[in-house]
Amino acid sequence: MGNAYIPFKARIALILQETSSDVDIKTFRIKPADKDKRMDFMPGQFFEFSVPGVGEAPFGFASSPYEKDFFEVSIKKTGLVTEVIHNLKPGDTVWIRGPLGNSFPVEKMEGSNILVVAGGLGLAPLRPLILYMLEPANRSKYKNISMLLAARSSGDFIYMRDISEWSRRDDTEVILTIDRPEEGWKGKVGFPHNLLGEMQIDISDTYAITCGPPIMIKFVSGKLVEMGIPKSKIYTTLEMRMTCGVGKCGKCNIGHKYVCVDGPVFSMEELSGMPQEY
Amino acid sequence: MKCAVVPREKFKSAVGLLIDGYVAAIPVKENGVLEYKKMDGKAGEKDLAGLAAYAVDCDELPYKSPKEFLFPQVEELMVFDNDSCTAVEKDTRDKIAVVGVKPCDLNALKVLLTVFFQGKYKDDNVTGRRENIMLIGTGCAKKKPGCFCDERGINKNFSSECDIFIEKPVDENDSFRFYSFTVGGDDVLDRLVTGGFGSYSDYEPACGQREGNGCEKEELVIEAEETELFDTADWEGISERCLGCGICTYICPTCHCFDFRDALAGNKTIRYRCWDSCMYPKFTLHASGHNPRASKKERFRQRVLHKYVYVKKNFGYVACTGCGRCIRSCPAGMNIRNVVREISGIRV
């Protein structure tokens, strides 16, 4: 391979405002400038997004891996790089490198029930996985697909356009929950780990994938283990500060594992054998 | 491997021939500090051969390690303009001969090259520089205060992790021995022998046996699993004195953590790679404010376990060669050898 640090040029094709409550989350549709340079990623992988003069930061892909002309990324305005990204306009040039990291074990998961538990922006890195499994060519490879999607309030859900469609399908079960009651809210109220017991989960044959705030991941995975799902069948994806994304710069390691190359996707079995430093 | 015997009186001119055509990086003492200085032989004013010969003979370890010749403290990685991003070509005009590198540092460069060369991705910027560098190694006669290479399984008298290793004479009547371990080293030795500075010998490296190989001590390693030491050792107490200044990481011959920094230059942006340090709180600080290594306890633990456990697990080597620089330089008297002994349950 060539120099692993050199990004290639791309353009912003579309920008979507994600939530109504919080204007700080936007989804960017990105098209490589050169048609030969595509991001052929698998669900769970990430890329490095460069804004020359400001810096570079890692983000998970958030679109279907079957979209070949573009990909999407959902970004919350949080730091130096994301602030500048949020000020970009359609047509602006950006620089990207990847795909990086490992991916969800989509083949291993075939033939099983799938439970997705996502909180807030934690749905973003799981969206490629959901769209991958719902792809007509793949849907029959998985049994029941259930989703427990949580947000602080009804206005905090990202991908409402997807959620409506997933809810309409008769081959998926979608449950939405918010932290506190709201007038007119038809979904559930409460933290996701408290609602898992109400779901129809075949613990003998289910892969669970969860992502959200660290505290949510901790409680949800704890509850899933308590319910009897083996740790080897519970997956999450981690984030870390990274510079290189290729296992050299020394920032994202948890013990001897590097989140950028050994992750970002880890099973609870792997995580329980690693130091708790994330 | 070849071995050429170089008589004492021809030693200086033989070293001069080794560095001929190279920019020589030679440890030179200035204001009491021994540091590698890059010197262009074409300047012709300095007695480069003399300085290089002195450096080989000198029994001191330079303050900083020679890692910067492979992995510079600051390097231009790429240049962005409006329309392109171009990798900065490494300056290959300069072929550098690094003179008088001690076995601890030669072994450390091996670790550094392995980290950048192996794994899923290869860093050509670092590994590519090796081709333009001639490493001229030499042994240490005495252990310096703080040195513990003997506990790290490194023979202070000899190392083959270089192009040419120069073994000093044991007594006044003896000759120098120049060993070559690479194709580049073989070529130089051929020129040396053809030029009449020495003659080939079938002499095998003494491996320092003449003075004892120096590594008869039990090897200092961490056998325990990482998760075990992570929580059981008293990291809070161990790191209490640490000031978090990071000098240990800058002068360490194996530390290799880095950061990217962008700087505007006219219409262009240059992305630099700069050394970074796991001793600093911002090293792992997320944009969200979360920091997995929030206090010096976590940061010091990272430094020790990265060197002794993580690199070994990933690349097969302990990333500490016992050069003792961090011990000698620490303003607070931290001592990685004693820490490793303490957490391994060895009496300090």
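Chain B has eleven helices and twelve strands. The model is a predicted one. The C-alpha trace of chain B spans about 65 × 60 × 40 Å along its principal axes. Its radius of gyration is 21 Å, which agrees with the value near 20 Å that a compact globule of 348 residues would have.

**Chain B against chain A**

The contact between the chains takes 48 residues from chain B and 44 residues from chain A. About 3,700 Å² is buried between chain B and chain A, and carbon and sulfur atoms give 56% of this area. On the side of chain B, B:Tyr121, B:Phe230 and B:Phe258 supply 17% of the area buried against chain A, more than any other three residues.

Between chain B and chain A there are 21 residue pairs in polar contact, with both residues at pLDDT 80 or more. Several elements of chain B each supply at least two residues of the side that touches chain A, among them strand E4 (74–80), helix H3 (103–117), helix H6 (226–232) and strand E12 (268–275). Helix H9 (296–315) of chain B also belongs to this set, and H9(B) gives the most to that side, with seven residues. By class, the side of chain B that touches chain A has 18 nonpolar, 14 polar and 16 charged residues.

The count of salt bridges between chain B and chain A is six. In one salt bridge, the side chain of B:Asp276 meets that of A:Lys251, at 3.1 Å from N to O. A:Glu56 forms a salt bridge with B:Arg271, with the closest N and O atoms 3.7 Å apart. This pair crosses between chains, from strand E4 (residues 55–60) of chain A, which holds A:Glu56, to strand E12 of chain B, which holds B:Arg271. Over all chains, a search of the whole structure finds 40 salt bridges.

**Domains within chain B**

The domain assignment of chain B gives domain 1 (2–71 + 92–211) and domain 2 (226–257 + 277–343). The centres of these two domains, taken over C-alpha atoms, are separated by 29 Å. The contact takes 28 residues from domain 1 of chain B and 28 residues from domain 2 of chain B. Domain 1 and domain 2 of chain B bury about 2,200 Å² between them, with 62% of it on carbon and sulfur atoms.

Across this interface of chain B the rule finds three salt bridges. The side chains of B:Glu151 and B:Arg341 meet in a salt bridge at 3.2 Å, N to O. Between domain 1 and domain 2 of chain B, 13 residue pairs are in polar contact, both residues being at pLDDT 80 or more. The side of domain 1 of chain B that touches domain 2 of chain B divides into 15 nonpolar, six polar and seven charged residues.

**Domains within chain A**

Chain A is divided into domain 1 (8–98) and domain 2 (113–236). Their centres, taken over C-alpha atoms, lie 24 Å apart. The contact takes 21 residues from domain 1 of chain A and 17 residues from domain 2 of chain A. Between these domains of chain A the buried area is about 1,400 Å², of which carbon and sulfur atoms give 57%. In domain 1 of chain A, the residues that lose the most area to domain 2 of chain A are A:Glu18, A:Pro43 and A:Tyr66, together 31% of what that side buries.

Two salt bridges are found by the rule across the interface of domain 1 and domain 2 of chain A. A:Arg127 and A:Glu72 meet through their side chains in a salt bridge (2.8 Å, N to O). Six residue pairs are in polar contact between domain 1 and domain 2 of chain A, with both residues at pLDDT 80 or more. Strand E2 (25–32) and strand E5 (71–76) of chain A are the elements that give two or more residues to the side of domain 1 that touches domain 2. E5(A) has the largest share of that side, three residues.

| Interface | Buried area | Share from carbon and sulfur atoms |
|---|---|---|
| Chain B and chain A | about 3,700 Å² | 56% |
| Domain 1 and domain 2 of chain B | about 2,200 Å² | 62% |
| Domain 1 and domain 2 of chain A | about 1,400 Å² | 57% |

Conventions
Residues numbered from 1 in each chain as written. Chains lettered and ligands numbered in written order. Predicted model: local features only at pLDDT ≥ 70, side-chain atom pairs only at ≥ 80, totals over all residues. Heavy atoms only, no water. Contact = heavy atoms within 4.5 Å. Buried area = accessible area lost by both parts, 1.4 Å probe. Salt bridge = Lys/Arg side-chain N within 4 Å of Asp/Glu carboxyl O. Polar contact = N/O pair within 3.5 Å; in protein donor to acceptor, adjacent residues only side chain to side chain. Helix = DSSP H or I, 4+ residues; strand = E, 2+ residues; numbered from the N terminus. Nonpolar A, V, L, I, M, F, W, Y, C, P; charged D, E, K, R; others polar. Domains from an automatic or database assignment. Rg over C-alpha atoms; globule rule 2.2 N^0.38 Å.
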